[in-house]
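Please keep the model open while you go through this note. Each numbered point takes up one topic.

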Amino acid sequence: AAHNLRAEPHGFSQIKRLDSPTAATEQITFESSDLAPGLTRTLLPPEAVANPTIDFSTVANWQTVAQWYAAIIEQAAKPATPANSAPPADPLKTIENLFEDLQKNVHSTGVALGTSSYMPRAPAETLKQGFGDEKDKAVLLISKLAAAGIPAKAALSSVAPGHDVFSSLPGLEAFDRILVYVPGPHPLWIDPVAEFTPVSRLPLPDQGRSALILDSSSVDLVRTPESTAADNSDTASIELQLRDGADALILSDNQYRGAFEDAFRPLMNRAATAAGDEKTQFWNQVARAAKAERVTKLELGEPKNLLAPCRVHAVAEGYAGSHITDDGGFVDLPGPGSISFGQLPALLQTAAQQPARTLDYFIPPAFTEELRFHVIPPPGYRLKEPSAIPSVTLGPATLSSALKTETDEIGRASCRERV
């Protein structure tokens, strides 16, 4: 008799395996001792195993999984009205509108794939209830797309920082996310529960992961798209107006793209609706980030308008890094302060407290951070020529600076730092 049982040990320093097949059964025995303490998933690469595990499968191949679940999804996603045979004139705009409508009318339950039934609800029921988990929202979006003449498929994946799927062990259990895949010359991957991420890209935890497109022709896993350093950027333009006898004034404009945008839009949305103590607390956080005493103006744009740039404009007073007297003064320009750099020391410290490791530190995403300072001294003061700042390289990261002093009647200075 043919047996489909496959078993693989992962994360063991040493282990013995004994296969005992019979005509009717197959038995696999593993023996190991002196197991090392497990690691947390802090800064681990997606292919790394944090704790020793024995993983198994009884499925013959990935096509079997894809065919079985594709039939369920396709049946559930049949549009209530006949599908439009002609694609829309602007498919991307249509997809964006349908996705926006989905987020407005159907709230996410937060239930991950696999923690409840694998059977999705019918689109009409999800719309009526006004809420659904990720497979319900995926099926609803696929149904809406089909009605608009845009074919789409569901795709199974797993989210970071969890371990990625083992390609040699077909099955459903390793997946905890269901995405929507729109084929074409420039395929789209859409996370149906990502409220603050546009349809043109995936959120960071979904990127670069193994995925199974639910189609009868799928025979293997594929890789979801990954963003580049140019896709994920944090650009800050900061004007420091130094004043004699008064606190320095700060005018700050920040624009976020990619992973930074995904992180800041929820915060901006919460701040835009905050009131009372919560609003005061948020403004104080902005002041601390700007090294200022107080924020006098804060503009957050439209956090839920995913097609609009993600920008924050702030005006603050009392810049802590400057001091002016009759004899002169100084201004201190801080280095990179983005969410990536801000978290890095704490993450490295946590990782260092674990047992000795031989694995690389994995710190996604690739990103670009740029700070542009424009310093304006008080009338009658001139900024001295700043000293050169050398470039610094830390692994794959490079910190470079460019400084320029303008020789106008005011003595303005500009500085740009780029990571």
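1. How many residues does helix α6 have, and how far does α6 reach from its first C-alpha to its last? Helix α6 covers residues 276-289, which is 14 residues, and reaches 20 Å. That is close to the 20 Å expected at 1.5 Å a residue. The expected span is 1.5 Å times one less than the number of residues. Helices (H or I, at least four residues) and strands (E, at least two) are DSSP runs, numbered from the N terminus.

2. Some ground rules. This is a predicted model, where local features need pLDDT of at least 70, side-chain atom pairs count only at pLDDT 80 or more, and totals for chains, interfaces and linings use all residues. Residues are numbered from 1 along each chain as its sequence is written, and side-chain values use heavy atoms, with hydrogens and water left out.

3. Phe282, Val286 and Ala287 are buried in α6. Seen down the helix axis, the buried residues of α6 fall within an arc of 145°, so they line one face of the helix. The arc is that of the directions from the helix axis to the C-beta atoms. Asp277 and Arg288 are exposed on the other side of α6. Buried means under 20% relative accessible area, exposed means over 50%, and partly exposed is in between (1.4 Å probe, protein chains only).

4. What covers the buried residues of α6? The cover includes α5 (259-272), β14 (294-299) and β15 (310-317). Contact here means heavy atoms within 4.5 Å. Lysine 291 follows α6 and has a positive phi, near 55°.

5. Helix α2 (residues 91-105) passes the length check too. Its 15 residues should span 21 Å at 1.5 Å a residue, and its end C-alpha atoms are 21 Å apart, which agrees. The buried residues of α2 are Thr94, Ile95, Glu96, Phe99, Leu102 and Gln103. Their cover includes α4 (134-147), β8 and β9.

6. Now the charges. Side chains of opposite charge can pair when their charged atoms come close. The structure holds 21 salt bridges. A salt bridge is a side-chain nitrogen of Lys or Arg within 4 Å of a carboxyl oxygen of Asp or Glu.

7. Which parts of the chain does the pair of aspartate 206 and arginine 177 link? The two side chains meet in a salt bridge (3.2 Å, N to O). Aspartate 206 is in the loop between β9 (188-190) and β10 (210-213). Arginine 177 is in strand β8 (residues 177-182), and the two are 29 residues apart. Aspartate 206 is buried at 1% relative accessibility. Arginine 177 is buried at 16%.

8. Aspartate 262 forms a salt bridge with arginine 201, with the closest N and O atoms 2.9 Å apart. Aspartate 262 lies in helix α5 and arginine 201 in the loop between β9 and β10, so the pair ties together parts that are 61 residues apart in sequence. Aspartate 262 is buried, with a relative accessible area of 15%.

9. Helix α5 also holds a pair within itself. Glutamate 261 and arginine 265 meet in a salt bridge (2.8 Å, N to O). Being four residues apart in α5, they are separated by about one helical turn. Both glutamate 261 and arginine 265 are buried. A network of salt bridges that share partners joins Arg243, Asp247, Glu293, Arg294 and Glu317.

10. Next, the rings. Rings of Phe, Tyr and Trp (its six-membered ring) pair if their centres lie within 6.5 Å; planes under 30 degrees apart count as stacked, over 60 as edge-to-face and the rest as tilted. The count comes to six aromatic pairs. Tryptophan 68 and tyrosine 69 have ring centres 5.6 Å apart and planes at 20°, so the pair is stacked. Tryptophan 68 is partly exposed, at 45%, while tyrosine 69 is buried, at 0%. Trp68, Tyr69 and Tyr118 form one aromatic cluster.

11. The charged end of arginine 121 sits over the ring of phenylalanine 131, 5.1 Å from its centre. The rule asks for NZ of Lys or CZ of Arg within 6 Å of the ring centre and within 35 degrees of the ring normal.

12. Last, glycine 328. Its place is in strand β17 (residues 328-331). Glycine 328 and aspartate 244 are 84 residues apart in sequence and 9.8 Å apart in space, C-alpha to C-alpha.
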